[in-house]
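Hi there,

Here is the structure I promised to hand over. Have a look at it first, and then read my notes on its salt bridges below.

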Amino acid sequence: DETKRVEATVLAHNFRAAALLPFVREVFDDLDGRIDASARIHVSEGLADGTMDGAVELTNGTMEIPALGEEFHDVHARIDIKPWGTVRIQQVRARGLSGRVQAEGNAKLDGFRLVSADGKIHIADRERLPITVQGVPIGEASGDVNIAVKRDIDGKTVDIERDYTASRTV
């Protein structure tokens with residue numbers, strides 16, 4: 001009922017991430033690992049506004065992302081959410097069948113509306129990740145990608161800036 005206010009608390013200790021797979025099937029073919037969480041969510045009447053506060057951490061994760069054509073293991077990520085609208089994604093790391101990726105990011109929210117976000121992805125040259133298209137390997141990639149997203153005040157326009165240094169071996 002959208003006319004009602006919602007208060008929710010999520011507490012998890014060593015929760016199996018595989019239980020979430022039916023809800024994220026469009027992104028992941030496979031998902032597992034352990035989740036520890038302590039978070040609170042408040043949504044005001046009419047879904048007009050809200051706040052979130054807490055932390056979520058995934059450890060010993062595995063995931064398969066068909067869009068990337070890659071299976072990852074030893075996945076770790078921590079998300080810290082502050083009630084004033086700051087979301088920090090840190091300590092993101094994962095290993096592919098070969099290679100490794102690290103990432104981090106931040107987002108600023110106004111209620112549940114994205115105001116801005118930035119993120120960094122790093123793949124070390126000595127730990128390149130394979131590039132596949134429809135399951136066919138076409139090379140390896142390494143480098144750094146920096147992305148910044150900012151929504152205009154009108155809320156209708158999003159500016160995306162990207163900067164990358166990458167190498168690819170075919």
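**Salt bridges in the model**

Asp53 and Arg40 form a salt bridge, with 2.8 Å between their closest N and O atoms. This pair links distant parts of the chain: Asp53 sits in strand S3 (residues 50-65) and Arg40 in strand S2 (residues 30-43), 13 residues apart. Asp53 is partly exposed, at a relative accessible area of 23%, and Arg40 is also partly exposed, at 41%. Please keep in mind that this is a predicted model.

Another pair to look up is Glu127 with Arg100, whose side chains meet in a salt bridge at 3.0 Å, N to O. Glu127 has a relative accessible area of 17%, and it counts as buried because the cut-off for that is under 20%.

Next come Asp80 and Arg78, whose side chains also meet in a salt bridge, again 3.0 Å from N to O. Here Asp80 is buried, with 13% relative accessibility, whereas Arg78 is partly exposed at 25%.

How many salt bridges are there in total? The count comes to nine. Some of them share partners, and in that way Glu57, Arg78 and Asp80 are joined into one network.

Happy browsing, and do write back with any questions!

Best wishes

How values were computed:
Residues numbered from 1 in each chain as written. Predicted model: local features only at pLDDT ≥ 70, side-chain atom pairs only at ≥ 80, totals over all residues. Heavy atoms only, no water. Salt bridge = Lys/Arg side-chain N within 4 Å of Asp/Glu carboxyl O. Helix = DSSP H or I, 4+ residues; strand = E, 2+ residues; numbered from the N terminus. Buried < 20%, exposed > 50% of the residue type's maximum accessible area, 1.4 Å probe, protein only.
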